[in-house]
Every structure is written in structure tokens, then in C-alpha cells.
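Welcome, and thanks for taking a look at this one. Have the sequence and the 3D view open side by side as you read the briefing below.

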Amino acid sequence: MARTRKTSKEALEEKIEKAEADVIAAKKKYDQATANLKELLDKRDAIRKEEILSAVVKSGRSYEEIMNFLNAGPDGEKTEK
């Protein structure tokens, strides 16, 4: 039995369909990876916030002292806001 050769138009359409399917699959994988990354970054940020709060509480410093420190420039001078 002889194989029938597809026309170039049919072959091109098949390649386009495959490329579209590849793009859809890649986008789905990308979306899943970015969602996973966002979740991990959110967890890290929550841990960091808790560590900062714990350090502030343990420091025994007043609110004003902490705010002055945070608002000070690299030379220790208060920065303008």
C-alpha cells in the first residue's frame, strides 16, 4: 500500500496545532510555577515579619526609639520625609 503524501498546507496546519498545544502546556506549567513561587515568597515574608516583631519585642526599645532608628539615614541623621 502506498503512503499518500500530505499537502504542504495540511502539514503546516498540523505543525501549527502542535505548536499551539505546546504553548498551552508551557503556559500552564509556567502559571503553576509562578503560583508556587508566590506562595513560597509569601511564606518567607510572613516568617520574616514574625522575626522582626519578635526582635522588636525583645529589644526593650520604645516605639519612638525604633522609629527613629528606622528613619535614620546611613550616617545616623534623621532623613526628611
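Helix H1 has 52 residues and reaches 75 Å from its first C-alpha to its last, close to the 76 Å expected at 1.5 Å a residue. Please keep in mind that this is a predicted model. In it, the protein has two helices and zero strands, and five salt bridges are present.

**Helices and what follows H1**

- H1 covers residues 8-59, and Gly-60 comes after H1 with a positive phi, near 75°.
- Helix H2 takes in residues 63-71, and Glu-65 has its place there.
- With your viewer on Glu-65, you will find that its side chain reaches the backbone nitrogen of Ser-62 at 2.8 Å.
- Glu-65 counts as partly exposed, because its relative accessibility of 40% lies between the 20% and 50% cut-offs.

- Lys-18 and Asp-22 join their side chains in a salt bridge, at 3.1 Å from N to O.
- These two, Lys-18 and Asp-22, sit four residues apart in H1, so about one helical turn separates them.
- An α-helix has 3.6 residues a turn, so residues three or four places apart point the same way.
- Glu-39 and Lys-43 make another salt bridge, with their closest N and O atoms 3.4 Å apart.
- Glu-39 and Lys-43 are likewise four residues apart in H1, which means that about one helical turn lies between them.

**One more salt bridge to look at**

- Arg-44 and Asp-45 also bring their side chains together in a salt bridge, at 3.9 Å from N to O.
- That distance still counts, because the cut-off for a salt bridge is within 4 Å.

**How open are these charged residues to the surroundings?**

- Lys-18 counts as exposed, because its relative accessibility of 53% is over the 50% cut-off.
- In the pair of Glu-39 and Lys-43, Glu-39 is partly exposed at 44% relative accessible area, and Lys-43 is partly exposed at 47%.
- For the remaining pair described here, Arg-44 is partly exposed with a relative accessible area of 39%, while Asp-45 is partly exposed with 31%.

**The protein as a whole**

- What share of the 81 residues in the protein is buried? Buried residues make up 4% of them.
- The protein has an accessible surface of about 8,100 Å², and 59% of that surface belongs to carbon and sulfur atoms.

Key: Residues are numbered from 1 along each chain as its sequence is written. This is a predicted model: local features need pLDDT of at least 70, side-chain atom pairs count only at pLDDT 80 or more; totals for chains, interfaces and linings use all residues. Side-chain values use heavy atoms; hydrogens and water are left out. Buried means under 20% relative accessible area, exposed over 50%, partly exposed in between (1.4 Å probe, protein chains only). A polar contact is a pair of N or O atoms within 3.5 Å; within protein, one must be able to donate a hydrogen and the other to accept it, and residues adjacent in sequence count only if both atoms are side-chain atoms. The expected span of a helix is 1.5 Å times one less than its number of residues. Accessible areas come from the Shrake-Rupley method with a 1.4 Å probe; for residues, only the protein chains shown count as cover.
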